[in-house]
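Here is a note for a colleague who is opening this entry for the first time. Please keep the structure in view while reading the points below.

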Amino acid sequence: MGNLIVITNLAKSFDDKKVLDNINLSICKSERAALIGPSGSGKTTLLRIISGLETPSQGTVQIHTRNIGYVFQEPRLIPWRTVEQNLLFVNPDAELEDILAKLRLKDFKNHYPHQLSGGMKQRVNLARALITNPDLLILDEPFSSLDLPIKLEIINDVLLQWQERKFTMILVTHDLKEALLLADRIIILSSSPGRIIKDLTVDLNPVNRKISDPALLSIESDILHVLSSAY
Amino acid sequence: MIKLERTLLGIILFLAIWQVLAICLDANTIVPGLGAIFSELTGLVGKKTFLVAVVSTLVKVIAGLLLTLLIGLPLGFLLGINNKLFDMFRPVIMVIQAVPVISWLTLVIFAWGIGFRGPIFITFLSLFPIALLTTVSGVRNLDKNLLEMATLYRVPRWQVIRDIYLGSLLPFIVAILDVTLGQAWKVILVSEYLCGNSGLGVLILAARYEVNPAKVWALTFLAVLLGLITERLVKLLFRKVAKRWAI
Ligand SMILES: Nc1ncnc2c1ncn2[C@@H]1O[C@H](COP(=O)(O)OP(=O)(O)O)[C@@H](O)[C@H]1O
Ligand SMILES: [Mg+2]
C-alpha cells in the first residue's frame, strides 16, 4: 500500500531551542504507528507539524489527505455546548446515532461537558475526530489521565473503529502497553532534541491482543532494553 | 416568604426612622416628611410635564447605551484580537477615562449648547471605556485550544464566532450590561442637570430653584424606580436572546 505521510529531513526549533532533528519517516495507509519518547522530546510538536498546526523549520512533510481527526490530550470541548452540539460543530451533516452508540455515549448526548467523567469526555473527543471520516487519526496521549479499565475499554473502541474504517493512525503515548495493544509499529524518539532511535514492527494480531500475551510481553522487554540503553 | 417579610420590615423601619428624623429636624429641611414627599409623588405621576421628562430621559438612556454597546463591543472585539491596534488605541482610551466629566460637559456646552445631544454624548464617553476594555479582556480570555480545534476541523468562520466567541464573551457582555445600565441613569441625570433641556435631571434642577426638597426626593425615588425597572427589562430581554445560543 502507498504512503500517506512522507517526512524528509525534518527539523524544528523554537527560537534557538532545537526540538526535533533529522526526522525521516514514512507512514503507509492504514498503518497504526505509535510514537514513544520522554516528555519534551517533541512528540506533540511532530503531530502538530503533521496536521499543519505548526510549520517545520527544515525539511518537508508530504501528506496525502486533508481529512485529519485529532484526538487532543485535553478534551477541548465547548463548555456551553452539549455533547451532540459539540460533535455537530465539526460536521453539521454527521450521522451521530451510530457513533454515539458504539462509543457508549447515547445516553449522554444532551449532557454538557462538565457533567461528564474524564473517560466520557475523551470518548467525545474521539467521536468528534471520527465523525469527520478521517483518513488519518492522530491521538496525542489521549488516555494518559484515565484509569486502566476505562483506558482498555477506549483502546478497544478505537480498534473496532479501525477495523471498520482502516484509517491511518498515529498514537503518541508514554505507556508501552498502550502502544503494544494498539500499534503495528513503534517508533522511539530520543530525548530533546527528538531523533528517531528505533523503529520496529509489532508482529502480533492486529486486534484482540491481550496485555498478558507472552509474545506481547517479549516485544515489551525488547523495547525496554532499547529504552534503558538509550536514555 | 420569611425573607420577603424581613425585607418589608426593613423598609418600614427605614421609613419610620426617616419620619422621626423629619419631625425632629422640622419643616422644610433636606429630610422632609413622608407626607410631603408622597403628595409631591402623586402630584408628579399624572402630570404631562413629568411623563414627557420620563420619556425624554429614557430615550437618552437607551440612546447612550446603544451608542456605547454598538461602538464599544465591536471595537473591543477588534482590539481584543489585534494587539497592535490595541496599543494604538490605548492612549485615546486612557485620555477618555482620565479627563474629568466636568471638562467634557463644558466642551459639550460650547459645541452644542444646552440640548439632548450633550447628555447622550457624555454618557457614551463615561461608559464606552468600560464596555471596550471589558470586551477586550473577554476576547483575550478566549480558550486558544478551542480555536485551534476549530481550525483543525476547518469549521467555517461564522460558526466559530457564533459557537466559541459569542459563548465565551457572554459573561463579559452580561457584566458590561450590569455596570453600564446602572451608570447610564446616573450619568444622564447629572448631564441633564448641567447641560440638558429636558428630562428628570432638568426637573430636579427646577425643584432646586423652587427650594423644594420633597420634590427632589420624589423625583429621586421615581428615577431609581425607573432605573430598576429598565434594568430588569433589559436583563430579561437579554436572557431571551442568550437562550438562543443555549448558554
Ligand atoms: N509553541 C512553542 N513555543 C516554544 N516552545 C515550544 C512550543 N511548543 C513546544 N515547545 C517546546 O518544545 C519541546 C517539545 O515539546 P512537545 O512537542 O510538547 O514535547 P512532548 O509532546 O514530547 O512532551 C518542549 O521543550 C516545549 O517546551
Ligand atoms: Mg506532548
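**Notes on the two chains**

1. Chain A contains 7 helices and 9 strands. Here helices (H or I, at least four residues) and strands (E, at least two) are DSSP runs, numbered from the N terminus. The radius of gyration of chain A is 18 Å, close to the 17 Å that the globule rule gives for 231 residues, so chain A is as compact as a globular protein of that length. That radius is taken over C-alpha atoms, and the globule rule is 2.2 Å times the number of residues to the power 0.38. The C-alpha trace of chain A spans about 50 × 45 × 35 Å along its principal axes.

2. A word on the basis. This is a predicted model, where local features need pLDDT of at least 70 and side-chain atom pairs count only at pLDDT 80 or more, while totals for chains, interfaces and linings use all residues. Residues are numbered from 1 along each chain as its sequence is written, chains are lettered from A and ligands numbered from 1 in the order in which they are written, and side-chain values use heavy atoms, with hydrogens and water left out.

3. Chain B has 10 helices and 0 strands. The radius of gyration of chain B is 22 Å, well over the 18 Å that the globule rule gives for 247 residues, so chain B is more spread out than a compact globule. Its C-alpha trace spans about 75 × 55 × 30 Å along the principal axes.

4. Next, burial. Buried means under 20% relative accessible area, exposed over 50%, and partly exposed in between (1.4 Å probe, protein chains only). In chain A, 52% of the 231 residues count as buried. In chain B, buried residues make up 40% of the 247. One example is Thr134(B), buried at a relative accessible area of 19%. Thr134(B) sits in helix 6 (residues 117-140) of chain B.

5. The rule asks for a side-chain nitrogen of Lys or Arg within 4 Å of a carboxyl oxygen of Asp or Glu. Lys151(A) and Glu178(A) form one such pair, at 3.4 Å from N to O. Lys151(A) lies in helix 5 (residues 148-165) of chain A and Glu178(A) in helix 6 (residues 176-182) of chain A, so the pair ties together parts that are 27 residues apart in sequence. Both residues, Lys151(A) and Glu178(A), are buried.

6. Other pairs deserve a look. Glu97(A) bridges to Lys106(A), with the closest N and O atoms 3.4 Å apart. Glu97(A) is partly exposed at 37%, and Lys106(A) is partly exposed at 43%. A network of salt bridges links Arg48(A), Glu54(A), Glu74(A), Arg76(A) and Glu148(B).

7. Patches are made of residues with over 30% relative accessible area and no salt bridge; like charges are joined within 9 Å, nonpolar side chains (Val, Leu, Ile, Met, Phe, Trp, Tyr) within 5 Å. Leu4(B), Leu8(B), Ile11(B), Phe14(B) and Leu15(B) make a nonpolar patch of about 470 Å². Leu4(B) belongs to helix 1 (residues 2-25) of chain B. Arg232(B), Arg239(B), Lys240(B) and Lys243(B) gather in a patch of positive charge. Arg232(B) is in helix 10 (residues 213-243) of chain B and is exposed, at 68% relative accessible area.

Notes:
Accessible areas come from the Shrake-Rupley method with a 1.4 Å probe; for residues, only the protein chains shown count as cover. Lys and Arg count as positive and Asp and Glu as negative; His and the chain ends are not counted. The place of a charge is taken as NZ of Lys, CZ of Arg, CG of Asp or CD of Glu.
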